[in-house]
Structure formats: C-alpha cells, structure tokens
Amino acid sequence: MALRNIREIGDEILTKKCKPVKEMTDKTRALIEDMLETMYHADGVGLAAPQVGILKRIAVVDVTEDRSQPIVMINPEIVKEEGEQRGSEGCLSVPDKVAIVTRPNKVKIKAQDINMKTRTIKGEELLARALVHEIDHLDGHLYVEKAEGKVYTIEEFQEEFGTEE
C-alpha cells in the first residue's frame with residue numbers, strides 16, 4: 001500500500017468524466033487499498049479515483065468515527081434520492097475551504113464492491129452527503145460548483161457560523 005498524491009482544484013483531471021471498471025485486476029485492487037490509506041491519512045471521509053489522478057469509476061467512503069466501515073464503490077449509480085439536507089461541505093481536493101451545499105438526505109446507490117459483486121448501498125445524512133459528493137467527482141464535478149454563496153476558508157466559516165465543517 002502507498003499514499004497517493006491528492007489532486008487539487010485547478011487540476012484538469014478533476015473535471016473529466018471517469019470510465020467504468022470492467023474487471024477487477026491486481027492493479028485496481030492495489031489502487032483501492034491506496035485510496036483507503038490516502039483517505040485515512042488525509043483525515044477525509046471519502047476519496048474518488050480522479051482525486052489521485054486515475055479516471056476510473058471508483059470511490060471509497062468511511063464516515064465512522066473509528067474508521068471501521070469503509071465502503072468501496074465501483075461504477076456507482078444513484079438509483080433513488082429522498083429529502084434534502086443543507087450543510088457545510090469540504091473536500092480533500094479543495095484544501096482548507098468549506099461551503100454550504102444542499103444534498104439529498106437519503107440515497108440509494110447501486111455499485112459493485114471490490115469483488116465486482118453488485119450491491120445496494122443506502123445512506124442517510126452524512127453518509128448520503130459523502131456518497132453523492134464522491135459520485136460527483138466521478139462525473140467531473142466539485143462541490144464548489146454547487147456552493148450556495150461563498151466558498152469560505154475554514155477560519156472565515158468559523159467566524160461566520162461559529163463552527164467548523
């Protein structure tokens with residue numbers, strides 16, 4: 001396993017649509033392991049393959065405090081959205097920034113797991129936000145495109161709203 005460099009806003013790769021994964025290979029399995037290690041090391045809750053320079057439809061998410069429940073999504077598709085939530089959002093590819101974004105409050109995702117078995121992933125609240133955020137990356141979109149108003153530095157956000165992310 002290895003830490004990967006996280007691409008940042010302004011890098012053209014973050015604006016490109018990713019290609020579907022057709023089969024699991026040792027190289028793809030190693031990429032997923034590296035993505036998880038990189039996400040945990042950077043203290044993120046999600047990471048998509050284009051954020052580490054790979055245009056494949058792969059994303060990882062783990063919103064648990066003890067980092068014990070990683071979700072691997074290969075070729076994910078949103079099949080259902082319910083309700084909405086409005087809240088602060090940040091991104092490892094947009095360091096030290098935060099903005100208010102409205103996302104679905106509940107989602108149902110169809111994706112393959114690391115063994116290429118199709119599964120359904122349901123998420124609410126923070127998990128729903130993270131799942132949709134990572135899928136946006138696979139389609140070449142960053143959360144700043146959906147920001148409601150200003151994209152703040154973390155310090156500005158704390159001053160304005162009295163809290164961090």
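I looked up N75 and found that, at 14% relative accessibility, N75 counts as buried, where buried means under 20% relative accessible area, exposed over 50% and partly exposed in between, with a 1.4 Å probe and protein chains only. This is a predicted model, in which local features need pLDDT of at least 70 and side-chain atom pairs count only at pLDDT 80 or more, while totals for chains, interfaces and linings use all residues. I also noted that residues are numbered from 1 along each chain as its sequence is written, and that side-chain values use heavy atoms, with hydrogens and water left out.

I placed N75 in strand β3, taking strands (E, at least two residues) and helices (H or I, at least four) as DSSP runs numbered from the N terminus. The phi of N75 is near 55°, a positive value although N75 is not a glycine.

I then turned to R67, which also has a positive phi, of about 55°, without being a glycine. R67 sits in the loop between β2 (58-61) and β3 (71-82), and with a relative accessible area of 23% R67 is partly exposed.

I recorded 12 of the 13 residues of α2 as buried, so the helix is largely enclosed by the rest of the structure; among the buried residues are R129, H133, E134 and D136. Just after α2, I found G140 with a positive phi of about 85°.
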